[in-house]
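Let's take a walk through this fold together, stopping at a handful of residues along the way. Have your viewer ready and follow the chain with us.

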Amino acid sequence: MYLQKSIFSLLSPVPAIMALLVTCALLHAAETDLPQDSPASRAETLQNIYRGLTSLTFDFSQVTSTGGRERTGRGNAVFYKGPAPPSVPAQNDPVNKGVSIMRWNYTDPDRQVIINDGETLSIYTEKDKQLIKTPAGELESDITYAFFAGARNLLDDFEARAADRSMVYATDEDDLRTILLIPRRPHNQIKTVQIWFDEKNIIHHLRIEDHFDATTELHFDNITLNTLPPYDRNQVERIISLQVPSGTEIITQ
């Protein structure tokens, strides 16, 4: 699996992370009174931007560094959320009820698809001819995923600090701002998370460090916000659809 140590403790991986960001579920943020432009106020502003989204799509590139070795990956992802309209009867499936879903498509170095349909997390690895299915609810205990999924308040789980200037992100976009997040309670996968974002509070780069000094960096391009219809049955089906070849080993956890 290539989403490394970040979003899915379940998989010991990323976007695990990433992976992002995002608010796949409706987020309830606490009312706070923070100093203007403090690291904490910047973190809250980021959260407020992402909790208001109905969709987020982007291309990503990833570099994971462990013990002097690097692994790279790239692909694209989509987060999609929102309640079903009143005219749609609620049923026990992600198409007819309110949606809170995501899909990561790794295209390099090997094809891998990661889907959370709100009920089940599915991870298909083409090279291994394997599909792993596990309850999506198990991810809620992972604080990084919880933020990206919009399930928890960011400042409940992280302390926001001024950026560590020793962590340099080389980019042509000199105007990116940055904050450093430290887990308030010991976390078995995360030591620090550094976020780079633009003047519109859109995240362009993430750096996650674990307790063994391994790092995962994710860079996001071609970012689009709210470009998908707020609720569309066909759109939901396209995101969560996964057809695997016959002979694929299916593991249910």
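**Loops, a cis bond and a strand**

Lys129 lies in the loop that links strand S5 (120-125) to strand S6 (130-135); helices (H or I, at least four residues) and strands (E, at least two) are DSSP runs, numbered from the N terminus. Please keep in mind that this is a predicted model, where local features need pLDDT of at least 70, side-chain atom pairs count only at pLDDT 80 or more, and totals for chains, interfaces and linings use all residues. Residues are numbered from 1 along each chain as its sequence is written, and side-chain values use heavy atoms, leaving out hydrogens and water.

Although Lys129 is not a glycine, its phi is positive, at about 50 degrees. Lys129 counts as exposed because its relative accessibility is 58% (buried means under 20% relative accessible area, exposed over 50%, partly exposed in between, with a 1.4 Å probe and protein chains only).

Asn201 also has a positive phi without being a glycine, near 65 degrees. Its loop runs between strand S9 (192-197) and strand S10 (203-209). With 14% relative accessibility, Asn201 counts as buried.

Next, look at the loop between strand S3 (99-108) and strand S4 (112-116), where Pro109 sits. The peptide bond joining Asp108 and Pro109 is cis, with omega about 10 degrees.

Finally, turn to Asn76 in strand S2 (residues 69-82). At 29% relative accessibility, this residue is partly exposed. Beyond its neighbours within four places in sequence, Asn76 is in contact (heavy atoms within 4.5 Å) with Phe58, Asp59, Phe60, Arg103, Trp104, Asn105 and Thr107. Asn76 and Thr107 are 31 residues apart along the chain, and 8.0 Å separates their C-alpha atoms.
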